Amino acid sequence: MRYNSLIVLILLLFSCKKEKVKIEKIDTSLLTNGALVLCEGLFQQNNSSLSWINFQNSSVVNNVFLNQTSRVLGDTGNDMVEYGGKVYIVINVSSTIEVLDKKTLTSLQQIDMKINGVAKSPRKIKFYNGLGYVTCYDGYVDVIDTTSLSIINRIKVGDNPEDLCFANSKMYVSNSGGLNVPNVDSTISVIDLVDYEEIKKITVGKNPGGVLTDSDGDVYVITRGNYGSIPSRMVKVNSISDEMEEVFSFNASSLNKMEDDFIITYNDYNTQESSIMLFDPTEDIVISDDFISTSHFSTLYGIYFNEKNQKIYAFDAMNYLNSGYVKVFNTSGNFEQSYPVGLNPNSILFYE
Amino acid sequence: MFCELGFSQDSIKRLPEVSISPIFKEQNQTNSQSQTISSKQIELLQPEDLGTLLQKTSGTSIKSYGGLGGLKTISIRGLNSQHSTFVQDGFLLQNAQTGQVNLGQMIVDNISEVSLNRIGRQSFLLPVSAYLKGNLITVYNKNNQFENKEFSSSNFKLGIGSFGQYETYLSSKHEKKYFLISSYVKFRRADGDYNFKINNGTLDYKGERLNNDLKDKYGGVTLAYRLKNNAILRTISHFKEVEQGLPGAVIIYNPIANQRLNTNQYTTQIDFTHFHKKLYYRFYSTYSKDKLNYVDPTFLNNSGGINTTYTNDFFNIGVSFQRRFKTITTYGGIETKYNTLSFSNLNSNSPKRSSNFMLLGTNYKIGNFKFDVQVSGQGILESNNKGEKAKDVYRVNPYFSIERVSLKPWKLSINAWFRNSFRMPSFNELYYNNIGNVDLKPESVNQFSLGISMLPFANKLGIEMVVNTFYSEVDNQILALPTKNLFVWSMQNIGKVKNYGAESRVSFSKQIKKDWKFNLSMNYTLQFALDFSNSSSPTYKNQIAYMPKHTGNFDFGISYKSLGFTSSIIRVSKRYSLNENIVSNEVPEFVNIDLGLYLNHKMLKDNNLRVQFMVKNLINESYSYVRYFVMPGRNYLITLSYALQ
């Protein structure tokens, strides 16, 4: 029949090949002299990922989590920290904490971060005396037992807590109140680590973000202002008196440790003005206000110092929609090399 | 059957005596610049909404977020949904807040015909604002027109489907020589939750798409009065009330969704059409109020969630005319349009837009050649009571077309056209809380098209073929980008996009033997929509997100007496969720197959009972248009319709 050829053509046109995701496990004995990078991905795309950078041969393997566990990491990975040979990855929108063995990258536990069916939206994790502390956007800090890998307590803090640090046996939590825009919070909560009670709320300035303790036990807090008339600044809190001591006059949007000093980055989204400076917190002086040139970045998205090889690793999120880069600088602030990684790199763990 | 574009001379001559319906509908014919779907096809396909129906046209790609009543938009020849204008029964449909029409909330029960027309020339009496954008889609309901017979008719339809879906539709029309009244009402409900299975790496991720319930009501009344001097006065009123859950994207490891959206819309339209010798003109006006209430009870703020209402008011008034002088037709009109948006939270903006349009065109026929030239002028004035406002816009836009018709053999017709158009940024893009950017410029488009249509082998096999090629350039494309951080996005005018491709259609219908009928139609579109924004970007010359390179559909039907079978297959090639065309951004291709079986039974005099059974997504694939907005698997729908006269 003369329609036969037509039918064959139609079947060809509509035949569909099913593609399965291909995975290639990496040889975990090669997980040395390199770094594991958490790439946040994008909201509602379930595309958080891990990239492995080999410092020896400068090669990069993307989607390491998927390759090692056969499943995806989830939606919006916000933080990755190592503690006791385990890697803790905080996944904000999926509302989970993935715990991996650092050496083999096998999954040890997926901690579910939901309560009564509602996501707690975890943001950042820090460790202190054998316990993990996780800021959750529902107004709590969750306490994780690092042996049983389960939540053992919830500490009530302020609205939408962002970051936390420890000083003088106390925990300092920045309450951003970011989901109440424009009525954001202005406080940090001081928490007693024995009875998990809030001792005090210290008013530091609008929209508190990153917090960091220096070697003297002082607490430094970024107050991000309103992205407009109120500038993004750094303030200093005395952890003995729990009073705010100083508001620094320079712009600052993130705090990062380099040995005893701080690398302070700044990015003004309206003017596109940005800077990376080096700050000495013991003397409270700026060592260099142009430590690393921001001309190397489209969107600076985080910066880390590797004590072992004395190099600085900074993230470029490009325009947030394209694959990002990890850029390497020496301690003089000179660019050395760049590694292509996944979408929106934001955290890094170094392997010896 | 296969004659010139748009308004044939015959129908113009017949107009005053017979019907005004050709003003709002196109001739039922193939030509390379328009595509029409008739009520018969609508009945066979039983689409849930206009979006599903428009998927049957070439050159289009639909983006659906899934679920009954969920957001569905159309992109035509690579131009995004905001470059399309929708006209229903001769009146503009509009939402200035989003700049687009949600096709998932346009029911098809009261539609007699849908046309996709790229050059806005199927009628000269449409609202002036309908001719100004890149693409035009017209929807027409014969119950809202005089059909020039004294009669009464009613239709009743009952449907029961998977996922707890029930629907009823009732319409009636009474027509006298000088008077017409018609009305319709539709109720629909669905639990909506459905199971899905997607890949989680190499593992399966099974889940249920929750919070997908829907309850909606639609209704309308039309009154029309024919005055003796060949004039018709008409009012059409519609309402729509939708309560729906928003299932959101499937978030792996977090299945919870609690957001809800309630929509209330009321529209009143009025027109007066007069056929005065060789001058026809039409005054028209629309008022519409559209309320959207968005509720998110689990948003982690200290007021216990989000509950915001957006109120859109839209009013327009205008006049269109056409005047014939032998082989020249002149047409045009003026229109003024107001849009306002208010947000229920006090800190927000309160934008107002007043738009003024002018159109003048002429259509000239010499031998087998037809020429059409149009010039439109627009002045768009913005204001904002509570903050900065966008810049006013004044533009003049041209359009030209040339066509050579009815070449022998095979009635070959060739045409070429050029259109320059733009779209205003929507209110959301300009003013929405932190996201909006009042500095946005309009998105501009230059479109070129070259098309051929023909009827090969004369009429022997009933084959119609159309091939079009197209090219367009979009400047100042508006894109949402995260700026302050990943949770604070902002609209930017940074894109430049070039679209090019080809679309083809073949249709074929034949009576095989006595009582046996057979029909087949195929569409295939190849389109490249490439990012030309920045030559140093990794996305340079990559395919724009969510634009498939290949789309095709294949429809086949066979009937014996009153029993019939239909099948419909759609295939959409892989797309990318972001402009960077890398494996991790791939959204897999899919094929969707729907099958239907129906029986028509004539009863009493002219009454007809119809029972139809449909299987949708036969192969039960959990596919998605938008990444992680997973569509339902295999589902069933049975409908019973009764038409009485």
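This is a predicted model: local features need pLDDT of at least 70, side-chain atom pairs count only at pLDDT 80 or more; totals for chains, interfaces and linings use all residues.

Me: Why is Tyr320(A) called buried?
Reply: A residue is buried if 20 or more other C-beta atoms lie within 10 Å of its own. Tyr320(A) has 20 C-beta neighbours inside 10 Å and therefore counts as buried. Tyr320(A) is placed in the loop between strands S27 (311-316) and S28 (323-330) of chain A, and its phi, near 75°, is positive in a residue other than glycine.

Me: Why does Asn211(B) count as partly exposed?
Reply: The class lies between the buried limit of 20 or more neighbours and the exposed limit of 12 or fewer. Asn211(B) has 19 C-beta neighbours inside 10 Å, so it counts as partly exposed. Asn211(B) belongs to the loop between strands S12 (203-209) and S13 (214-227) of chain B; its phi is also positive, about 60°, although it is not a glycine.

Me: What makes S4 and S7 of chain A edge strands?
Reply: The open sheet has the order S4-S5-S6-S7 in chain A. Strands S4 (77-83) and S7 (107-112) each pair on one side only. From one strand to the next, the twist averages 15°.

Technical notes: Residues are numbered from 1 along each chain as its sequence is written. Chains are lettered from A and ligands numbered from 1 in the order in which they are written. Two strands pair if DSSP finds at least two bridges between them. Helices (H or I, at least four residues) and strands (E, at least two) are DSSP runs, numbered from the N terminus. Axes are lines fitted to C-alpha atoms, for helices over the stretch in contact, and angles run from 0 to 180 degrees between N-to-C directions.
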